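Here are some exercises to work through with the model open in your viewer. Try each task before you read its solution.

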Amino acid sequence: MTYVVGLTGGIGSGKSTVADLFAELGVPIIDADIVARQVVEKGSPLLAKIVEHFGSQVLLANFELNRTALRQIVFDDPKQKAWLEALLHPAIREEMIRQLDSVQQPYALWVVPLLIENGLIDFCDRVVVVDVESHIQLERASQRDHNCKQVIRNIIASQVSRQTRLEYADDVIDNNFPLEEGFTLLKQRVQQLHQCYLQLALQGEY
Ligand code: ATP
């Protein structure tokens, strides 16, 4: 199995921005959000199970999953939410591990927003946290999602605290600086960590 670097951070902290920089260096990226979509793609056995359970109201005209409809159904119904999570979570975890297993390069970057919350730390050889101050996180996430700040505050409250996340970090990427000023610095930090992870992986330090 390849050396696994878990990358995490709160909503809007800059995980995708940082992952793109690792990808530019040729690092394979396994992204939990992408895998969560792959396991229920059109024609998949899991999507068939969801349709069997909730009916065709959760399908779009093109037979893809209607995420908005599904979200609405489970939003107010903890029992249905639990049913869905019991179906999806093991499948997502299994698929992520399968993808990590098939990596041929020295290390892979595993991007998981809820790495700590979902108890996935033990699958990582190293943990890197993208860190921003809470007010910056709130500003960036609400701007990106065109969401009111209270919605973002609620999501932040549902995730582990910044402090707790930092306690799990082997490495921290400071993403407080606006990209206009801080992009070069961010890129340099990624390059530095890339060299470090290559060395750790090649030394077999896991
Ligand atoms: P999520 O977990 O919510 O998917 P994320 O952690 O992947 O978010 P990004 O999508 O990378 O975060 O960044 C959130 C928003 O902030 C994006 O609009 C991104 O362009 C912007 N952003 C990221 N880093 C910076 C930065 N250093 N300066 C300014 N804007 C930034």
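**Exercise 1.** Work out the strand order of the open sheet, and find its edge strands.

*Solution.* Start with the order: the five strands line up as 2-3-1-4-5, with parallel pairing. Strands here are DSSP E runs of at least two residues, numbered from the N terminus, and two of them pair if DSSP finds at least two bridges between them. Next, the edges: strand 2 (29-31) and strand 5 (171-174) each pair on one side only. Last, the twist from one strand to the next averages 25°.

A word on the source: this is a predicted model, where local features need pLDDT of at least 70 and side-chain atom pairs need pLDDT 80 or more, while totals for chains, interfaces and linings use all residues. Numbering runs from 1 along each chain as its sequence is written, and side-chain values use heavy atoms, leaving out hydrogens and water.

**Exercise 2.** Find how many bridges join strand 2 to strand 3, and name the partner of isoleucine 29.

*Solution.* Three bridges link strand 2 with strand 3 (residues 107-111), and the two run parallel. Within strand 3, leucine 109 is the bridge partner of isoleucine 29.

**Exercise 3.** Take aspartate 31 in strand 2 and decide what its side chain reaches.

*Solution.* Finally, the aspartate 31 side chain reaches the backbone nitrogen of aspartate 33 at 2.8 Å.

Conventions
Helix = DSSP H or I, 4+ residues; strand = E, 2+ residues; numbered from the N terminus. Axes fitted to C-alpha atoms, helices over the stretch in contact; angles between N-to-C directions. Polar contact = N/O pair within 3.5 Å; in protein donor to acceptor, adjacent residues only side chain to side chain.
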